[in-house]
Amino acid sequence: MYNVFNFGLVKKLGLFLVIFCAGMYAGIWLVRFRPLLFDLSQIPKDQMEVITLTEQVGKLISLPTDEKPTVETVSDLALLKDKPFFVKAEVGDKVLIYEKSAMAILYRPSKNIIINTVSPNFTDAVFSLTSPTPVITPVPTPVPTPEPTLPPTPVPTPVEPVLTATPSATPVVTTTPKAVVK
């Protein structure tokens, strides 16, 4: 009798299905839980830099959690030489600026250290990155303009005929005589 079932073929098919399913599971897991391995992140690269820097600096110092920082890179030391916050800065250092918390942190990613922090002179640290001389323009407070007042308008009083009392029982209305024109 001829054997219809070939156990060698069944073993190969079973092994292929096991390897195929394990590979599919591993691929789905990697894409879902490790999207950075395939550069499939939905977050833009500039926001990814902010996230990774806050994670690295957050391991070294307590950071505000209610806001995201603005990240600047030190690129020209000549503009920053007169600022005390940037005395120890090097090209490539990162500055994390927390505006609501009035805090700035100078961080060196190559050595994973915090170089300087500032809170009281926060405006010096923030404006020194964007322009060589800080330009602070005062915001004028709005002054309410007075409404123009109109003088009171006189209200005309109605003219009533003048009644004069006479000894007779009927009242007499006096009027001025009209001039007769001939």
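**View 1. Helix H2 and the strands that cover its buried residues.** Strand S1 (70–73), S2, S3 and S4 are among the elements that cover the buried residues of H2, where buried means under 20% relative accessible area, exposed over 50% and partly exposed in between (1.4 Å probe, protein chains only). Those buried residues are Met48, Val50, Leu53 and Val57. Helices (H or I, at least four residues) and strands (E, at least two) are DSSP runs, numbered from the N terminus. The model is predicted: local features need pLDDT of at least 70, side-chain atom pairs count only at pLDDT 80 or more, and totals for chains, interfaces and linings use all residues. Residues are numbered from 1 along each chain as its sequence is written, and side-chain values use heavy atoms, without hydrogens and water.

**View 2. The largest nonpolar core, with 11 residues.** Its members include Val74, Leu80, Phe85, Phe86, Ala89 and Leu106; a nonpolar core is a set of buried Ala, Val, Leu, Ile, Met, Phe, Trp, Tyr and Cys residues joined through side-chain atoms within 4.5 Å. Strands S2 (94–98), S3 (103–108) and S4 (113–118) each supply at least two residues of this core. Apart from it lies another core, of 10 residues, including Leu53, Leu63, Leu96 and Tyr107.

**View 3. The ring pair of Phe85 and Phe86.** The ring centres are 4.9 Å apart and the planes stand at 85°, so the pair is edge-to-face. Rings of Phe, Tyr and Trp (its six-membered ring) pair if their centres lie within 6.5 Å; planes under 30 degrees apart count as stacked, over 60 as edge-to-face and the rest as tilted. Phe85 is buried at 8% relative accessible area, and Phe86 is buried at 4%.

Definitions and conventions
Contact = heavy atoms within 4.5 Å.
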